[in-house]
Amino acid sequence: MTIDHGTVWPTARLLALVGMLGMAVGCGRRPGDQLLDHGQFEPISPAVLIKKMQEAYEALESYAGTAEVIEVAVRRGEGVERELPYYTIGLAYQEPNRIWFLLEELTASADQAVRFEVACGGEVLQAQAAEAPGQVHVARAPERLSIDNFLQEPKMKAAVFQVAPENYFPHLVMLLGLSSDAPLFAEDANPRNLPAKRLGPHDCYRVATDHPAGQRVLWINQRTKLLERVEVPSDALRAEM
């Protein structure tokens with residue numbers, strides 16, 4: 001399972017998004033990967049790279065972008081890698097409590113739409129789900145958003161977080177208050193560097209860790225230290241859902 005992250009937009013774009021309950025078009029990407037000459041990269045240990053990534057998110061006052069969750073598999077008898085888009089994720093955030101969040105399933109039929117949306121302009125937190133058309137859950141905005149309080153409607157929270165948040169939404173977890181001193185993937189072990197690669201226009205470090213269900217790979221932007229892609233074991237996510 002691959003999660004591709006989109007670009008960071010300026011704060012002006014962020015504020016426009018937070019001010020409305022609208023749908024963003026996903027801009028996640030899956031271009032051809034290119035191996036890079038290791039000489040282009042400053043050698044950094046994998047543990048330090050992960051910490052630098054968390055520090056980069058911790059330092060952000062605003063962020064906006066999109067991601068796609070894509071399952072990559074090889075069909076028996078074909079030997080050809082296939083990609084199946086599962087979800088698109090939209091996120092715009094400004095400290096301490098402005099957010100726009102979208103999670104939409106891309107494979108659902110029109111009459112079984114799976115879509116969750118949350119928006120907060122700083123005073124009122126609103127949430128809605130496709131399965132309850134015309135209904136909006138409204139609550140007072142917390143003074144500071146966290147991964148625990150930005151979804152306050154219990155059924156929606158359970159539906160969105162069927163999978164551990166750090167698996168589908170690592171950027172959200174890092175933005176909403178995870179200390180850079182705390183482990184992002186508590187169950188993972190044995191961090192190690194993989195050969196660097198280019199993802200579209202971005203030169204990326206790649207760090208692999210061992211999850212109980214398989215290997216996780218982080219693609220970390222060499223310049224910004226932000227996360228560009230995460231590869232996680234599909235079986236691990238299915239077991240949680």
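Let me start with a question: is Lys225 buried or exposed? Before I answer, please keep in mind that this is a predicted model. Lys225 comes out at a relative accessible area of 16%. The cut-off for buried is under 20%, so Lys225 counts as buried. As for where to look, Lys225 sits in the loop that runs between strand E11, residues 214-221, and strand E12, residues 227-231. Its backbone also deserves a comment: phi is positive, about 70°, although Lys225 is not a glycine.

A word on background here. Most residues other than glycine have a negative phi, and most peptide bonds are trans.

Asn190 belongs to a strand, E9. How does Asn190 stand on exposure: buried, partly exposed or exposed? Its relative accessible area is 45%. Exposed would need over 50%, so Asn190 is partly exposed.

Staying with E9, let me describe its partner. E9 covers residues 189-199, E10 covers residues 202-211, and the two pair in the antiparallel sense over seven bridges. At one place in that pairing, Ala189 stands opposite Asp210 of E10. Two residues lie between the strands of this hairpin, and Gly200 there has a positive phi, near 60°.

Next, the peptide bonds. Which bond is cis, with omega near 0°? That is the one leading from Glu95 to Pro96. Pro96 is in the loop that joins strand E4, residues 81-94, to strand E5, residues 98-105.

Now the surface. Val124, Val136 and Val138 together make a nonpolar patch of about 220 Å². Val136 is in the loop between strand E7, residues 124-129, and strand E8, residues 137-140. With a relative accessibility of 37%, Val136 is classed as partly exposed.

Last, the protein as a whole. It has six helices and twelve strands. There are 241 residues, and 47% of them count as buried. Among contacts with a separation of 6 or more, 56% are between residues 24 or more positions apart.

Definitions and conventions:
Residues numbered from 1 in each chain as written. Predicted model: local features only at pLDDT ≥ 70, side-chain atom pairs only at ≥ 80, totals over all residues. Heavy atoms only, no water. Pairing = 2+ DSSP bridges. Helix = DSSP H or I, 4+ residues; strand = E, 2+ residues; numbered from the N terminus. Buried < 20%, exposed > 50% of the residue type's maximum accessible area, 1.4 Å probe, protein only. Patch = residues over 30% accessible without salt bridge, like charges linked within 9 Å, V, L, I, M, F, W, Y side chains within 5 Å. Areas by Shrake-Rupley, 256 points an atom, 1.4 Å probe, with all protein chains shown as cover. Salt bridge = Lys/Arg side-chain N within 4 Å of Asp/Glu carboxyl O. Contact = heavy atoms within 4.5 Å.
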